[in-house]
Amino acid sequence: MRQVLSRIHRVLGAFLPAALLLATMAARGAAAQEPVPPAAAPPDSLAADEVLEVRNLPFAGSLAPAGWSTGIWEWDREGLQSTRALTLLELLEEITGVIALRGGDFGQPSSATAFGVGGGRLRVFLDGIELPPLQGGIVDLSRMGLGGIDRVRVERRPGELRIELYPLHLSDPRPYSLLEVGTGDLNTNLFRGTFAHPDALGGSVMISLDRVDTEGPQALEPGASFGAHLRHTIHVGERGGLAWELRRMTSRRPEALWSPRGVNRTDLALHGRFEPSPGLVLAAFAQRSSLGADYGRGATPPEVPEVNEDPRTQAGLRVAVEREWWWGEAGGFAGWGHGWIANGLSGRLGGRIPGWVGAEVSFDRESWRDDEAATTTHARGWTEPLLGFSFFGEVEDGRRGIPRWMPPELEEMPGEEDPMEDNPVGEEPPVAPSPLSFTEWRGVRGGAEFRWNGIFLGGAAMRIEADSLHPMGTEADREGLVLAGGERTGFEVAGELPLTPLLDGLALAGSVQIWDDTESWRYLPRRIYEGRLRFHDVFLESENLEVWLDVGVRGRDPMFVPFEEAGPPGILAEVPFAQSWFGRLQIRIASARIFVLWDNFTLRESNQDFPGRLLPPTRALYGVRWTLWN
């Protein structure tokens, strides 16, 4: 208890001087300041005839509403600055039923799962283009920073977790800066800086730097994720433009645990878009993605490379349309690179009858180098509230290829030009193991929700079925087992209860997801839950004072992971029950947001997502998010 009180004292001791300083500064001018509207007035330094025109590349996409019923979660710029999450992985944990899979502290391999999805079923898109897995079955989320990201949209489908990232959207003629800095226990440091100028280098420019690092538990597991995001857009007329984008992120971790010690991912993309009429967007793109390895000073790379540095390249076309009551998009691409899709097609069509119902249907078809193809279809529907009640349902059915990590020399089939050239007569040529396997998945979810006067209560039943279960394929579970599939059924409940009679802005919220226990699936514990008491309110006539306060708990039951234990063949390893109590205080004074975060403040020491990879027993972190104009 003395250690806990000492930690609180250190955090508040560092936080309060900064808070008082900012409060003093803001108090002098709070009455004169106004919140910056989406399209703010031009700065005083520009004459009326010099006002810059803010332009962005046109974009059109799905208009399916975000909400618990539709299985879509969305954070805009304001939402990203208001959340307690500092990384993309922490943001995903805010979603009902999503489990973070961490190989350790910051910088270690990480992924996320929902409905037990594994390799090939966690997909990341940047500005409408899918980022290919380069080392395993998914994109390692430790190399996915939030720097330069303006909006995050996540679709939690019965057989897929689809993450869509959108770069900064300019809405003001003044230069824009966002600064996020923080520090705390375990020598943890956060820096995220974004600068955007609407009129530079013949167009608009965005630059972002992103870094989070820590020494880990007992200063024995230092790790970091850091990188940069650059985007330069040249506008052609009023309805089109061309943008190039470079994104590079490195994850660095202890050499004693992982080899190589550092892996960097680079994505270079070129976008061209044209809007011939309002709501109709034609787009073309090309993207090149690659990995690089850092084995450390003086280290000799192994004979068998542990990182395949061969790039993945893709180029494609897309057309999208948005109308008042319907929307649609279709596109295709060609891909090059070992273990990557040769070509793909996708489409989406949705619509709604205002005040009544809405629906959306989508499909993805991918073809691989060996001419095998896989198609997935998904459909969702919902009703508009009637007397507070609405109903929803979704279904997904399909097949998907799962890329697996292979050393580069095994991915290259020996004797491709003449398989019998260097082999004695009658002997089969050596054949590399296939870097690809397939899985079929079916899922359905349906239920109802009730909303009235701030009260929310939703419930849904779920059923999923798979023919095989694959590991994620990150370095944390690269050697994991591929298991026979099966069927699982479950239900989930979520709700929110305002406590306004006690205090305006106070509410109790939570969710729980429970599955049957008939089979032992990996990545799918029987129960996943989250609950919190939260407070949020805005003060002063100028609305220049805003407060968020959360105290809650997140946990799951014991979970199987795709590691074979010593003993009878096929017995999976099990990680124990995990639980973390957390707290958050954030105060916005004008455009500065001061925050204090505290994870696992009950000092639980056995939390782990993979065997032997213990997570930090606790961490307090404090810092500031500051938006600057001109």
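These are my notebook entries on a predicted model and what I looked up in it.

**Ground rules.** Because the model is predicted, I kept local features only at pLDDT of at least 70 and side-chain atom pairs only at pLDDT 80 or more, while totals for chains, interfaces and linings use all residues. Residues are numbered from 1 along each chain as its sequence is written, and side-chain values use heavy atoms, with hydrogens and water left out.

**Overall make-up.** I looked up the secondary structure and found four helices and 31 strands. Helices (H or I, at least four residues) and strands (E, at least two) are DSSP runs, numbered from the N terminus. Of the 630 residues, 53% count as buried. Buried means under 20% relative accessible area, exposed over 50%, and partly exposed in between (1.4 Å probe, protein chains only). The protein exposes about 27,800 Å², and carbon and sulfur atoms supply 60% of that area. Accessible areas come from the Shrake-Rupley method with a 1.4 Å probe; for residues, only the protein chains shown count as cover. I then took the contacts (heavy atoms within 4.5 Å). Among those with a separation of 6 or more, 62% join residues 24 or more positions apart.

**Nonpolar cores.** A nonpolar core is a set of buried Ala, Val, Leu, Ile, Met, Phe, Trp, Tyr and Cys residues joined through side-chain atoms within 4.5 Å. The largest one has 61 residues, and Leu88, Leu141 and Val152 have the most contacts inside it. Strand S22 (residues 455–469) gives the most to this core, with six residues. I listed the partners of Leu88, leaving out residues up to four places away in sequence: Leu141, Met144, Leu146, Val152, Ile163 and Leu165. A second, separate core has nine residues, among them Phe333, Trp340, Ile341 and Phe438.

**Cavities.** I searched the whole structure and found nine cavities of 30 Å³ or more. On a 1 Å grid over the protein atoms alone, a cavity is a set of points where a 1.4 Å probe fits but cannot get out; lining residues have an atom within 4 Å of a point. Grid points are joined across faces, edges and corners, and a volume is the space filled by probe spheres set on the points. The largest cavity has a volume of about 210 Å³. It is lined by 17 residues, and Leu80, Leu146, Ile149, Leu178 and Glu180 are the closest to its centre. Helix H2 (77–82) and strands S6 (149–157), S8 (176–184) and S9 (188–200) each give two or more residues to the lining. By class, I count seven nonpolar, five polar and five charged lining residues. Here Ala, Val, Leu, Ile, Met, Phe, Trp, Tyr, Cys and Pro count as nonpolar, Asp, Glu, Lys and Arg as charged, and the others, Gly among them, as polar.

**Backbone.** The peptide bond from Ser259 to Pro260 is cis, with omega near 0 degrees. Pro260 lies in the loop between strand S12 (240–252) and strand S13 (262–277). Asn453 is not a glycine, yet has a positive phi of about 55 degrees. Asn453 sits in the loop between strand S21 (436–452) and S22, and is exposed at a relative accessible area of 65%. Tyr523, also not a glycine, has a positive phi of about 65 degrees. Tyr523 sits in the loop between strand S24 (506–515) and strand S25 (527–539), and counts as buried at 0% relative accessibility.

**Leu628.** This residue is in strand S31 (residues 619–629). Leu628 counts as partly exposed, at 41% relative accessibility. Leaving aside neighbours within four places in sequence, I find Leu628 in contact with Pro175, Tyr176 and Ser177. Leu628 and Pro175 are 453 residues apart along the chain, and their C-alpha atoms are separated by 8.4 Å.

Note on methods. On a 1 Å grid over the protein atoms alone, a cavity is a set of points where a 1.4 Å probe fits but cannot get out, and a pocket is an open set with protein on both sides within 12 Å along at least five of seven lines; lining residues have an atom within 4 Å of a point.
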